[in-house]
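Work through the exercises below with the coordinates open. Each task is followed by a solution in steps.

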Amino acid sequence: MPEQRDTPGPGPLAAREEAAAEAMTVSSSPETARSLGSDAWHDLRRNPIFIVSGLLILFLVVIAIHPSLIATRDPLFCELGRSLDGPAPGHWFGFDAQGCDVYTRTVYGARASIAVGVCATLGVALIGAVVGGLAGFYGGIWDSLLSRTTDIFFAIPLILGAIVFLSMITLTGIWPVVLVIAALGWPQIARIARGAVITAKQHDYVQAARALGAGNGRMLLRHILPNAVAPVIVMSTIMLGTFIALEATLSFLGVGLQPPTVSWGVDISAASDGMQFRNAPHILLYPAAALSVTVLAFIMMGDAVRDALDPKLR
Amino acid sequence: MSHDTGATDAAEVGADDAGGGGPLLAVRDLAVEFRTREGTARAVNGVSYCVDSGETLAVLGESGSGKSVTAQAIMGILDTPPGRVAAGRVLFRGRDLLTAPEEERRRLRGERMAMIFQDALSSLNPVLSVGYQLGEMFRVHRGASRREARERAVDLMERVRIPAARERVNDYPHQFSGGMRQRIMIAMALALEPDLIIADEPTTALDVTVQAQVMELLAELQREFHMGLILITHDLGVVADVADRIAVMYAGRIVETAPVKELYAAPAHPYTKGLLESIPRLDHKGKELYAIQGLPPSLTALPSGCSFHPRCPLATERCTTERPPLHPVLDASEAPVAGRGSACHYWKETLHG
């Protein structure tokens with residue numbers, strides 16, 4: 001039964017492999033290799049939801065960076081004499097209580113809203129991914145410590161916590177709002193990141209990388225992260241929309257951005273007086289509509305990205 | 001732990017005498033436990049074996065016999081917790097790895113010892129191209145540049161005979177067939193020309209037609225680089241062709257060790273005998289296929305004495321109380337056969353019966 005192992009038979013084996021090689025080159029299809037990212041991009045380009053939300057977001061980002069492209073007036077230039085006036089030539093959205101042009105203010109408001117949303121999301125994603133990733137990767141005592149810390153922050157209601165912190169500090173501008181949202185919003189991302197890292201860690205290829213001498217850093221960054229990052233990206237995109245809404249909420253409550261800053265939340269807050277709304281609904285309508293469309297665009301984008309990155313959910 | 005019997009067993013006699021600073025790898029009385037809810041599972045209970053450069057040791061055993069866990073303990077990739085090395089030594093060129101610092105062990109992995117896994121698809125990272133993963137070996141251990149690593153990756157793919165290597169180096173694992181993926185795994189393990197390769201059931205996930213090719217390739221590369229190879233398998237057919245020596249494991253112990261031909265010709269342990277008899281054979285066509293009765297024991301509650309006694313046709317009262325050490329197997333003239341041992345009280349009866 002035991003055969004001689006030293007039968008270096010290059011003849012049949014080599015012939016077989018040549019045949020196999022030939023078959024492979026013949027049958028190799030023109031389909032090109034795609035990475036996860038380019039695969040997702042391939043799907044996204046064919047998704048109408050992505051196209052619509054992408055164009056909207058592109059438009060919003062452009063006017064956030066260069067509002068003067070479509071609004072030539074100064075958002076802080078107001079004529080009290082035209083207070084609450086309706087639409088007029090050159091002022092299609094009318095005037096607010098201070099006599100400022102609603103169109104100009106709505107356009108300029110995009111900057112603060114999107115800046116807060118993007119910066120807060122980046123902060124949240126960074127803190128959440130680092131905390132959750134380390135907890136999931138190292139496990140044991142680190143997991144317990146980091147997960148319990150996450151739970152503590154999770155227990156703080158976002159709006160209530162933000163109100164308390166923002167009413168204590170006297171700084172103005174977008175940074176206090178960004179910091180508070182980032183400091184309180186990360187636990188959700190941390191949980192998702194932790195779960196994703198634990199799942200990715202159990203794959204055989206992580207074990208294989210370890211068996212071939214990869215260190216912790218390389219395993220985490222090269223082998224686990226790319227396989228765990230999709231849910232974090234998806235969640236972050238969806239959260240971006242909610243953070244923009246949150247900024248408006250905080251500004252409406254009077255603790256977010258303060259008046260010289262132009263933002264949708266500030267304008268909605270100023271327009272929400274009952275008397276004014278009855279007489280001049282346009283001053284509430286336009287910033288509120290802009291806010292809703294922006295939030296919707298980011299949430300749609302998040303949905304589309306999720307579909308592209310996780311085909312199983314479709 | 002109760003692995004107290006004669007520390008240097010017959011298994012080691014052959015290789016220890018080879019001299020020159022001892023064998024490439026020597027495992028001594030290795031014991032690995034897993035904490036489970038049902039208690040401590042003793043996956044490995046005092047395993048000893050050794051491998052020399054250029055030698056192929058086949059570790060044979062059914063699922064759960066501890067063969068893979070032993071390999072993981074040697075490589076230092078055991079999941080701890082729940083796993084834990086409870087006792088023993090793993091000597092790699094005389095250096096005890098179990099007491100070595102983790103950083104030193106990490107540098108050894110890939111560079112001096114490497115492992116090939118069973119399922120190549122799940123062992124390759126789906127989001128990285130195979131070229132990147134092959135090149136990573138050179139980047140991690142040799143500090144190679146990106147371009148250099150890519151070149152070496154192409155070389156490696158050609159060496160394991162992947163057709164059109166240069167065109168396929170940027171392809172992803174799912175674009176390769178099972179046999180090709182296993183070749184890539186082999187290429188990764190061989191990248192730095194390690195001294196020792198542990199192949200954990202390298203052909204189990206492959207088609208029968210591809211199995212032979214992959215084993216042939218592995219054996220050829222092993223001869224070329226003069227590596228020690230530990231081949232973990234449950235496939236007796238695979239073993240016969242490529243192994244020099246065989247260690248048969250059962251319930252976390254080595255029950256028999258022998259040069260491959262002698263083991264096939266005359267097994268000295270009832271378990272080995274049962275395994276060999278349960279291979280379907282053409283000349284037994286129409287007859288009932290032999291099967292070893294019963295099931296492998298639960299690792300949380302190993303039987304007393306010889307772990308195999310509940311399933312053994314030769315078991316006696318003695319087997320239930322006294323655990324047999326690995327007896328040296330003697331030939332007809334009462335001289336010990338080099339490298340042969342059997343952990344059975346009745347090895348003589350089994351050998352000649």
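The exercises cover a helix pair, a sheet, a chain contact and a loop residue.

This is a predicted model, in which local features need pLDDT of at least 70 and side-chain atom pairs count only at pLDDT 80 or more, while totals for chains, interfaces and linings use all residues. Residues are numbered from 1 along each chain as its sequence is written, and chains are lettered from A and ligands numbered from 1 in the order in which they are written.

**Exercise 1.** Describe how helix 7 and helix 9 of chain A pack.

Step 1. Helices (H or I, at least four residues) and strands (E, at least two) are DSSP runs, numbered from the N terminus. Helix 7 of chain A spans residues 174-201 and helix 9 of chain A residues 216-252.

Step 2. Their axes are 9 Å apart, at an angle of about 155°. Axes are lines fitted to C-alpha atoms, for helices over the stretch in contact, and angles run from 0 to 180 degrees between N-to-C directions.

Step 3. Helix 7 and helix 9 of chain A are therefore roughly antiparallel (an angle over 145 degrees).

Step 4. List the contacts (C-beta atoms, placed from the backbone, within 7 Å). Helix 7 of chain A contributes residues including A:Ile181, A:Gly185 and A:Ile192, and helix 9 of chain A residues including A:Pro231, A:Met235 and A:Phe243. The contact residues divide into 17 nonpolar, four polar and two charged (Ala, Val, Leu, Ile, Met, Phe, Trp, Tyr, Cys and Pro count as nonpolar, Asp, Glu, Lys and Arg as charged, the others, Gly among them, as polar).

**Exercise 2.** Find the strand order of the open sheet in chain B, and its edges.

Step 1. Four strands are joined in the order 2-1-4-5, with antiparallel pairing (strands pair if DSSP finds at least two bridges between them).

Step 2. Strand 2 (39-51) and strand 5 (95-96) of chain B each have a single partner strand, so they stand at the edges.

Step 3. Strand 4 (residues 83-92) of chain B pairs with strand 5 of chain B over two bridges, and B:Phe92 stands opposite B:Arg95.

Step 4. Helix 2 (residues 67-75) of chain B lies across strands 1, 2 and 4 of chain B, at about 110° to strand 1.

**Exercise 3.** Characterise the contact of chain A with chain B.

Step 1. In this contact, 28 residues of chain A meet 37 residues of chain B.

Step 2. On the chain A side, helix 1 (10-27), helix 8 (204-211) and helix 9 give two or more residues.

Step 3. That side has 14 nonpolar, eight polar and six charged residues.

**Exercise 4.** Is B:Glu38 buried or exposed?

Step 1. B:Glu38 is in the loop between strand 1 and strand 2 of chain B.

Step 2. B:Glu38 counts as exposed because 10 C-beta neighbours lie inside 10 Å (20 or more other C-beta atoms within 10 Å is buried, 12 or fewer exposed, in between partly exposed).

Conventions
Parallel < 35°, antiparallel > 145°, perpendicular 65-115°, else oblique. Contact = placed C-beta atoms within 7 Å.
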